[in-house]
Amino acid sequence: MSPSSAAVFGLLAMAALSLAAGLFARRFAHTTSDFMVAARAVSPRINAAAISGEYLSAASFLGIAGLVMQYGYDVLWYPVGYAAGYLLLLLFIAGPLRRFGAYTIPDFAEGRFDSPRFRRLAVGLVLVIGFFYALPQVEAAGITVETASGLPYWVGVVVVSGVVIANVTAGGMRGITLVQSLQFAVKVFAISLPAFLLLLHFGGPATPFGSAGLARLPQKTTYQVTAGELWQLPAATELRVSQPTTVTWQRGGLVRAPGAVSAEVAAPPSRPQARIRGRRLAISGRALLPKGTVIWQGAAAVTLAAGTAAPYASSTPVSTNTAWMGPFGPLAGGSGHSLLFTYSLIMAILLGTIGLPHILVRFYTNPDARASRRTALVVLVMLGAFYIWPPVYGALGRALDPSLYGSNLTDSVVLVLPSLLGGWLGQLLLAVVSAGAFAAFTSTLSGLLVSLAGALGHDVYGRWLRPEAGPVARRRAFQLAALLSGVVAAGLGLMVGQFNISVLVGWAFAIAASSFFPLLVLGIWWPRLTTAGAALGVALGGSLATLAIVTTMVATVAPSLELFLARESALAVLLSQPAIVTVPVAFLAMVGVSWLRPGPPAGVAAKMVQLHAPELLGLRRDYIPE
Amino acid sequence: MAQLPGSDPSPRLLEFEEQTEVGGLYLQALMRRQLRLSLTLALTFVAFLGVQPLLSTFWPPWTAIKLAGIPLPWLVLGVGSYPLLIWLGSLYVSRAEEVDEEFTDLLR
């Protein structure tokens, strides 16, 4: 994508707006309670907009559309699963957890099980999940600014982290609640309006579903290729090069490990270049390349005529329209175990949402359980209003600009399509979606910073290092922790650069689903759950999920392991999507240990009363005093 | 309304708060009702999701059905899920509040 002043304008406008709203909200943030839980004085509607704003991350705003464009139908499980995770949260967690009055998951762990050691285990997990979730946001900021404006990668990282750190340290939860609710409004507007206009202009939603064959370029397209770039040619391809160059060509496609997709964003296969043992062909002027895989040996401008089958970069599997639009396409079907893959994927997304620490913290900003339930319901409506749109971009992208497959830019399809409308309207919409993307990663990052700062300032400092600290010292600790976490996240974001870290997001989801989810559900609904059972389940589920995903990551750099997994495809599916095994294991461990060695923590009856007694009875108290 | 400050709490409320044997039974009854409500609604949506891959596997013709040019599976999953989610959610909120209110009336 070429640098665009409209995109830069959109990004800057959103940055300024976020800072201004943060400064405005700062006037209301004074006490520790303001900082950590916004003094529990947020109305359900504003709170719901803030939760939705925080929830709709870069992966939701940009990632889903890109994945739909690459993989088609199977990706629809992601947006639906993200929204449905919220239904489960509403049904099982929202009310009781708010009544319990604990601020963080570690608070819950200690409060329910009377074990400071358990708290430390939970703090550790919160920090791990939080940072793995924060990194992709920072990285997405850098990449989006880079592709949309042409500015260097670090500019996006620094600007976004700077805005977020300023808002969180200045206003805490109280401050970002207003900013995030504003950012939610921007995101919904930015995703729905261009999609709607695109549908009107390009002849309706049926466009990409019309033909059965390959994705073909709708107009003459010129690619700038560099040495070492790989193209998969799904058919014999006629092209013209700007200057003489050579390619290596081989018959057939790439070998691909099954299930090589993380929970949020596709991970490109490791080193496909190493596998090419093909013929060298010299090209000048016009050339007809046979179906197969080529690697460009030199830089050139390559032009393909309209109607040519679009070439694919290495990270995207080639698919016909029929395979793409049907179930078990390249994503699930590629694994050879479509049903197993699909069910495990659904499970990880659905249950992982419940265990994400930055989502749960939000429920304490409600005044009571009734408001907490109503908030979660409004969130469901808001998420639904958002999540129907990203797949529209993915589907339209396949029909209107399949050149993104070859240039490996499917992830920016949301930013690319609006300019196809042309003229001032296209530029205006480009500014709007850029602002929406900016809102996406800043609001999620803000929420993560509050939850990381909460874990460090509230749990580590306030409960562990200096339990006697007063409110002012606690607020300072929160602010310092927010600053530190933000700087660390930005620093890591700068270091990882363009390295694909989306695997870490999948890790975060899988760990959350197999540790915090069973802990919360059983801890709230099963009085006989013992401390030992809960701790063992969390440790076992969390470490099994970690082990599975680390094995998948190691396989991308260890060819022998990768070959082994390519043969044992069912095992490979389970390692890349471990939830279907690790979640039941964690549940069984918790239930089994609690049965074998009964003895729930003392006072569990009073805790159950606190979790489940309606506020109307007038029996409650909170962990963080007003 | 809730227990007014100054007035004597009812004996049932005291039993509940102190979690005597009878009080424990009250709580168990409340939790059972809430959990049954939550499980019913959750399983409804899980069944809605879970049946779709089975349909695609064992009755492939359904993937070929199109509505206004769009494949039916896309519409059912990508659009139809959200109204169902919202409906189940609002059903839950009103029922759960009813259960809470009935329970409060019982103890008062």
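Helices (H or I, at least four residues) and strands (E, at least two) are DSSP runs, numbered from the N terminus. This is a predicted model in which local features need pLDDT of at least 70 and side-chain atom pairs count only at pLDDT 80 or more, while totals for chains, interfaces and linings use all residues. Residues are numbered from 1 along each chain as its sequence is written, with chains lettered from A and ligands numbered from 1 in the order in which they are written.

**View 1. Overall organisation of chain A.**
Chain A contains 24 helices and eight strands. Among the contacts in chain A with a separation of 6 or more, 86% join residues 24 or more positions apart; a contact requires C-beta atoms, placed from the backbone, within 7 Å. Chain A is divided into domain 1 (5-203 + 332-614) and domain 2 (221-319), with bounds from an automatic or database domain assignment. Taken over C-alpha atoms, the centres of domain 1 and domain 2 of chain A are 35 Å apart.

Helix H5 of chain A comprises 24 residues, 77-100. At 1.5 Å a residue it should span 34 Å, and the 32 Å between its end C-alpha atoms agrees with that value; the expected span is 1.5 Å times one less than the number of residues. A kink of about 50° in H5(A) is centred on Leu90(A), the bend being the angle between axes fitted to the seven residues ending at a residue and the seven starting there. Because 24 of the 24 residues of H5(A) are buried, the helix is largely enclosed by the rest of the structure. Just after H5(A), Gly101(A) adopts a positive phi of about 80°.

**View 2. The side of chain A that touches chain B.**
In this interface, 43 residues of chain A are in contact with 45 residues of chain B. On the chain A side, two or more residues each come from H5, helix H10 (338-355), helix H12 (369-387) and helix H24 (604-612). The largest share, nine residues, comes from H5(A). By class, the side of chain A that touches chain B has 34 nonpolar, six polar and three charged residues (nonpolar: Ala, Val, Leu, Ile, Met, Phe, Trp, Tyr, Cys and Pro; charged: Asp, Glu, Lys and Arg; polar: the others, Gly among them).

**View 3. The largest nonpolar core.**
The largest nonpolar core has 224 residues; such a core is a set of buried Ala, Val, Leu, Ile, Met, Phe, Trp, Tyr and Cys residues joined through C-beta atoms within 7 Å. The residues with the most contacts inside this core are Ala83(A), Tyr86(A), Leu87(A), Leu90(A), Leu380(A) and Ala513(A). Helix H16 (residues 423-465) of chain A supplies the largest share of the core, 20 residues. Domain 1 (5-203 + 332-614) and domain 2 (221-319) of chain A each provide at least three residues. Apart from its neighbours within four places in sequence, Leu87(A) is in contact with Leu380(A), Phe45(B), Leu85(B), Leu88(B) and Gly89(B). A second, separate core of six residues includes Leu13(B), Phe16(B), Tyr26(B) and Phe103(B).

**View 4. Two loop residues with positive phi.**
Most residues other than glycine have a negative phi. Asp114(A), although not a glycine, has a positive phi of about 50°. Asp114(A) occupies the loop between helix H6 (105-113) and helix H7 (116-149) of chain A, and its 14 other C-beta atoms within 10 Å make it partly exposed. Asn408(A), likewise not a glycine, has a positive phi of about 60°. Asn408(A) is found in the loop between helix H14 (403-407) and helix H15 (413-416) of chain A; with 16 other C-beta atoms within 10 Å, Asn408(A) is partly exposed.

**View 5. Surroundings of Ala236(A).**
Ala236(A) lies in the loop between strand E2 (230-233) and strand E3 (237-241) of chain A. Ala236(A) counts as exposed, with 12 C-beta neighbours inside 10 Å. Beyond its neighbours within four places in sequence, Ala236(A) is in contact with Leu288(A), Leu289(A), Pro290(A) and Lys291(A).

**View 6. Surroundings of Ala50(A).**
Ala50(A) belongs to helix H3 (residues 44-55) of chain A. Ala50(A) has 29 other C-beta atoms within 10 Å and is therefore buried. Leaving aside neighbours within four places in sequence, Ala50(A) is in contact with Thr177(A), Gln180(A) and Ser181(A).

Technical notes
Buried ≥ 20, exposed ≤ 12 C-beta atoms within 10 Å, placed from the backbone. Contact = placed C-beta atoms within 7 Å.
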